Amino acid sequence: MKPEEKPEEVEVIEEVEDIVAREAREKRMIDREKWKPKTSIGKKVWDGSITDIDYLIDNGIKILEPEITDLLLANLETDLLLIGQSKGKFGGGKRRVFKQTQKKTQEGNKPKFATLAVVGNKDGYVGIGYGKSKETVPAREKAIRNSKLNVIKIRRGCGSWQCGCKSPHSIPFSVDGKCGSAVIRLIPAPRGTGLCVENECQKVLKLAGIKDVWSKTRGQTGSKYNLIRACINALRKLISVKLHSRYYEQLGLIEGAAKVPEVKKDE
Ligand SMILES: [Zn+2]
């Protein structure tokens, strides 16, 4: 009896895997049916002739439809950054998602809401987007939409001389980023350090897939909008710097998503 049962079990497992794969595929199909692409790149992504977002980023093709990013990058996560502040005496109150501004008119004060969203797959791709509107909900939607259009690729590695483990848990070299007077420097850190950065930048680096980093800031870092932009500018430099091929192995460099899934050792 027993030798006959075994093949059945294998079949059951295969069936379950089939169902999981089919569900994932159906979910994508639904996304696809709702979306009617308008740009030529969008149509190519829709019919499946472009399956890799690297093709768009490497060739400098602008993503004009947020659904492109949705389809090409799996496991996208979004987060809103606290760039605003509630009103209060003595230097303001709690940090808020929405930055409220007002325009004085004859009819009275007209408020507007702005917010900054970050999107990433925790594996080498991240983007931020700014959205502003008369109400909070459309502002959020605009911000998320814009963040999907501005996705950038990150180069990761281990540039810390204390570690030298050749795995992409940190950044390969230190980079500076600037926006307004806010200047941020990201420095490679050994494994297990965590993200020693300001809170909002932490969210960005987390969604980019960087685990360990040290940082140093200068200037008016209280205006979070500029600080976050500076952080993104620093991340942009990681990929724009040209490196000799011998460093690729030395620093354990990867660009974008990890091709071989990393074994989680410290978790
Ligand atoms: Zn390391």
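Two exercises follow, each with a worked solution, on a model that is predicted.

**Exercise 1.** Describe how helix H6 packs against helix H7, and state which residues meet.

*Solution.* Two packed helices are described by the angle between their axes and the distance between the axes. For H6, which covers residues 199-208, and H7, which covers residues 224-240, the angle is about 30 degrees and the axes lie 9 Å apart. Since angles under 35 degrees count as roughly parallel, H6 is therefore roughly parallel to H7. As to handedness, the crossing in which H6 passes H7 is right-handed.

**Exercise 2.** Work out which strands pair with S5, and in which sense.

*Solution.* Begin with strand S1 (residues 77-81), which pairs with S5 (residues 108-120) in the antiparallel sense over five bridges; here Leu80 has Ala117 in S5 as its bridge partner. Continue with strand S4 (residues 99-105), which runs antiparallel to S5 and is joined to S5 by seven bridges, with Gln100 partnered by Phe113 in S5. S4 and S5 form a hairpin, with two residues between them. Finish with strand S6 (residues 125-133), where eight bridges make an antiparallel pair with S5, and where Gly127 in S6 stands opposite Val119. The hairpin of S5 and S6 has four residues between the strands, and in this hairpin Lys122 takes a positive phi near 60 degrees.

Note on methods: Residues numbered from 1 in each chain as written. Predicted model: local features only at pLDDT ≥ 70, side-chain atom pairs only at ≥ 80, totals over all residues. Axes fitted to C-alpha atoms, helices over the stretch in contact; angles between N-to-C directions. Parallel < 35°, antiparallel > 145°, perpendicular 65-115°, else oblique. Left-handed = near helix turned anticlockwise from the far one by under 90°. Contact = placed C-beta atoms within 7 Å. Pairing = 2+ DSSP bridges.
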